[in-house]
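Hello,

Here is the structure I promised to pass on. My notes follow below it.

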Amino acid sequence: MTEIIACLSAYDEQLVRELAGTDRVEVRTASGSGDPAELAALVKGADIVIADAARRYVLDATAIDAMDRCRFIQQPSVGYDTVDVGRAAERGIPVANAPGYNAAAVADWVIMATLVVLRNGLAADGIMRGGGFDAMPLGHELGDRTVGLVGMGAVGRAVFERLRGFGSTVVFTDPAPRQVDGARQVGLDELLEVADVVSLHLPLSDDTRGIIGAGELARMRDGAVLVNAARGGLVDHDALADGLRAGRPAAAALDVFEPEPLGADSPLRSLPNVYLSPHIAAGTWQARRRVRSMVGENLRRVLAGEPPRYVVNA
C-alpha cells in the first residue's frame with residue numbers, strides 16, 4: 001500500500017518527496033485557504049501529516065479525529081500550539097516539532113530590533129526619507145542596558161550569547177531553575193522592575209497566554225522597551241497599545257501578533273514608538289535549511305519504521 005503524506009505547510013509535492021527521500025509516496029498538498037473541510041479531506045487516510053508552520057490550518061481535536069490511519073504528525077516549527085497534542089496522544093499519534101532550528105535567526109532579529117529602537121532608527125530613517133537632516137534625541141548603547149529575558153530556552157540562550165558581546169547586564173526568568181554563567185535568574189516582577197529591555201522567549205500555552213498585560217507593563221521601568229519575537233498571544237495587545245501611548249513601555253519591537261496578520265485597524269500600526277515586522281524573525285536561508293533537514297530526517301525515519309525524534313507528546 002502506498003504511503004500518503006498530507007502536507008499543510010507551503011511545501012510543493014517535489015519538495016515533500018525530496019524530504020521523504022523517496023518517490024514511492026502519495027503527496028497531498030494544501031491550497032493555503034485554511035478551510036476546515038479541505039483540512040479534513042487532506043488528513044483522511046494520510047499516514048503522515050506535515051502540519052502548517054504558517055498557522056492557517058489548525059489541527060484541533062476534530063481534525064485529529066478525522067485522521068483514520070495517521071501514525072505521525074510533524075510540526076515544521078518550534079511552536080506547536082496549533083496542534084492538539086493531547087488529543088493526538090490519546091489517538092496514539094506522536095507529534096514532533098523542530099526545536100532550536102530558528103534560534104540563531106530569531107536571536108539576530110531580537111538584537112537588530114532592539115538596536116533599531118534604542119538608537120531611534122525608525123524616526124531617523126523617516127526624517128531622511130522626508131528630505132530632512134534633523135538632529136535626533138540621543139539613543140542608548142546596548143552594552144549599557146540591563147536586558148531581561150523572559151524564557152531561557154534555545155532562543156533565549158542564543159540572545160544571551162549575543163548580548164555578552166555587547167557587555168549588557170542580563171537577568172532572566174524561566175519556569176525551571178537554570179544556572180547560566182553571566183546571567184542572574186529572577187522572578188518576573190523583579191525582571192520587569194530592573195530591565196531596560198524586556199525580551200520574550202516563551203512558548204504559548206494556557207499558562208503563558210497574556211503573561212504581559214496591563215499590570216506587568218505598569219511595572220516596567222521608565223524608558224523600558226518590550227521586544228516580542230516569540231508568540232503574539234503572550235502579550236495583551238490592547239494593554240500594550242494603551243501602555244505605549246502612556247510611555248510605559250517607552251517603545252516596543254514586535255514580530256508576532258494575535259491574530260495574524262495584524263489587523264489593518266490595529267492601533268499598533270499607527271503608533272510611532274513601535275517597530276513592526278511580519279513574523280519574519282526566523283526568515284533566513286540558514287534556518288530554512290535546518291528546519292527542512294529536521295523534517296526530512298523524521299519523515300525518513302517514520303517511513304522506515306523507526307521512531308521519530310523531537311516528539312513533544314510522548
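Strand β1 (residues 3-7) pairs with strand β2 (residues 25-29) in the parallel sense, over 5 bridges. Pairing requires at least two DSSP bridges between the strands. Within this pair, Ile5 stands opposite Val27 in β2.

This is a predicted model: local features need pLDDT of at least 70, side-chain atom pairs count only at pLDDT 80 or more, and totals for chains, interfaces and linings use all residues. Numbering runs from 1 along each chain as its sequence is written, and side-chain values use heavy atoms, with hydrogens and water left out. Helices (H or I, at least four residues) and strands (E, at least two) are DSSP runs, numbered from the N terminus.

β1, α1 and β2 form a right-handed β-α-β unit. Right-handed means that, with the strands pointing away from the viewer, the path from the first strand over the helix to the second runs clockwise.

Helix α1 (residues 13-20) also meets helix α11 (residues 285-303). Their axes come within 7 Å and cross at roughly 65°. Axes are lines fitted to C-alpha atoms, for helices over the stretch in contact; angles run from 0 to 180 degrees between N-to-C directions. So α1 is roughly perpendicular to α11 (65 to 115 degrees; under 35 is roughly parallel, over 145 roughly antiparallel, the rest oblique). Contact (heavy atoms within 4.5 Å) involves residues including Leu15 and Leu19 of α1 and Val295 and Leu299 of α11.

Best regards
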